[in-house]
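Here is a briefing on the structure shown below. Lead points come first, then details by topic.

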Amino acid sequence: MRGNSRLVAALLIVVTALLVQVTVLPHLAWNGVVPDLVLLSVVGAALVTDPRFATLLGFGAGLLLDVAPPADHAAGRWALALLVVGYVVARLAHDYQAAQPGPQPASTPRPPYLLMLVAGAGGAFVGTSLFALTGLLLQDPAVGVGALLEVVLAAVAYDALVAAVAVPLVVWVFRREPAPRVAHVLR
Amino acid sequence: MSLDTRPPRQTPVRHVATPRERDEQRGLPTRSLLLALVLACITLMVVDRTSGEDSPVEPVRRVVGEVLGPAEAGVNAVLGPVLGLPEMLRTNDALREEIAAQDDEIAELRREAHQNPYDVARAEDLRALCAMATNTGYLLAPARFSGYSSAQSFSSTISIDAGADAGIRPDMTVVNGDGLVGRVLEVTSHTSTVLLIVDADSTVGGKLGESLESGFVDGRGGLADGDPLDLRLVDNTVLPEQGQQVVTWGSEGTGPYVAGIPIGEVSKVYEDIRAGTYRAVLEPYVDFTSLGDLAVVVPTGEDTRVIEPEACS
């Protein structure tokens, strides 16, 4: 998936993830901790697109998360966190795939399931930790490190769980070729 | 524009890409882009954090909120029935159990609600007894009505749930908050039998409250029919007046009837023209069909649970 359709897909995924994250998931919250669907969709996108796109998507999605209604923290915190997540996950995934033996396929291959899980958990750890760290630096929510660590660990655990479903879903959407274009090419 | 007539090269010149070109080929963001994004984030954070209420991010927040707010509300509205779904997926057993639990609760509440007026009435009775003790200055042993004798026995007696253990002896006076009830006939250790003043065998010495004329109050037997008490005055020529109060005359000690307990008031006066005498009918103060808390007048010095005068003034 290239160009505009990729952008549209990314936009749709991020907005949907945001809506689900603030409406549906609070009903499934565990101690108030909700899985970061937006973060996981950035991870998914990073696995199948190039690092540049993943970085920019992370920045944009984070910015949206920063200003969307329930948010009250300093804008830019999620943007920074998701930007780093997008960049790091995309870099590592691409380096991993480049190191794979055999000929490089033309299009991005479907990453192995285990890689998706690891990327989801790792991305969640990097993202939530960064977000918490910037909060500590800015003293945005004035909470102690202990309480912060507890929430971050719970969030990472929950994210890793949800990543098993969310990341493959996002990967599947990004690897789909839009049908009309295919028809056009065949004609 | 010139035509290139050279034959195509069999092997293209090996092109060594610069690191930057290689990065772009692999889709890596350039360093400057990364730096710009990170700096943008940091700037945003600092600006938003330090400028507080009037930060430049506020308008953006508002606009995004205007767009996403209704979307979130819409998703929530759609979500409502879905979240309500588990409510519907319940077994009949669970529903039955719930109904049973709620029935129990309803029964409990209903019982409480029904008990409430009873408790209020009882408290009223006890307050009246207290007042009676204060007004008459007697020690009262509290007791509760426990049963009427049947009509077939042709006597108007009741039983109460206090007996010899509470210091009650035969021939003691029984009152309630309104006035005279009767006297004790027999006692067991925990119950007593009381002869009501409306019994046909009962005669109580009474006197008119105002004129202090003495007389006898006779029961006429029976509870329900009207005119249960007659007053015969010793002095035949005195004309009792309607509404005059009759109190007990009183005998020594505590029995059979202590002095000064209100019995009732004159409701009708009949004149026997031939004999030149008067017969008065009394309306008792006590409602004999709804007896509840009673008390027995006990002598001073009984070491039992009693209501003392001024106990609840």
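**Strand pairs, a barrel and a helix pair**

B:Val217 stands opposite B:Leu231 in strand β8 of chain B. Five bridges join strand β7 (residues 214–219) of chain B to β8 (residues 229–233), and the two run antiparallel. Strands pair here if DSSP finds at least two bridges between them. Strands (E, at least two residues) and helices (H or I, at least four) are DSSP runs, numbered from the N terminus.

The model is predicted: local features need pLDDT of at least 70, side-chain atom pairs count only at pLDDT 80 or more, and totals for chains, interfaces and linings use all residues. Residues are numbered from 1 along each chain as its sequence is written, chains are lettered from A and ligands numbered from 1 in the order written, and side-chain values use heavy atoms, without hydrogens and water.

**Barrel, chain B**
- Six strands close into a barrel in the order β6-β7-β8-β11-β10-β9, with antiparallel pairing.
- The twist from one strand to the next averages 40°.
- Strands of a sheet pair through backbone hydrogen bonds, either parallel or antiparallel.

**Hairpins, chain B**
- Strand β3 (residues 173–175) and strand β4 (residues 180–187) of chain B run antiparallel, joined by three bridges.
- B:Val175 has B:Leu180 of β4(B) as its bridge partner.
- Four residues lie between β3(B) and β4(B), which form a hairpin.
- β4(B) also pairs with strand β5 (residues 192–196) of chain B, antiparallel and over five bridges.
- In that pairing, B:Glu186 stands opposite B:Thr193 of β5(B).
- β4(B) and β5(B) form a hairpin too, with four residues between them.

**Helix packing, chain A**
- Helix α2 (residues 37–48) and helix α3 (residues 51–67) of chain A pack at about 170°, with axes 9 Å apart. Axes are lines fitted to C-alpha atoms, for helices over the stretch in contact, and angles run from 0 to 180 degrees between N-to-C directions.
- That angle makes α2(A) roughly antiparallel to α3(A) (the term applies over 145 degrees).
- Contact (heavy atoms within 4.5 Å) involves A:Val38, A:Val42, A:Ala45 and A:Ala46 of α2(A), and A:Ala54, A:Leu57, A:Gly58, A:Ala61 and A:Leu65 of α3(A).
- These contact residues divide into eight nonpolar, one polar and no charged. Ala, Val, Leu, Ile, Met, Phe, Trp, Tyr, Cys and Pro count as nonpolar, Asp, Glu, Lys and Arg as charged, and the others, Gly among them, as polar.

**Annotated spans, chain A**
- An unreviewed UniProt entry lists residues 75–93, 114–139 and 151–174 of chain A as "transmembrane region"; such annotations may be inferred rather than shown by experiment.
- Residues 114–139 of chain A are 96% helix and 0% strand, with end C-alpha atoms 37 Å apart.
- Residues 151–174 of chain A are 100% helix and 0% strand, with end C-alpha atoms 31 Å apart.

Notes
Angles under 35 degrees count as roughly parallel, over 145 as roughly antiparallel, 65 to 115 as roughly perpendicular and the rest as oblique.
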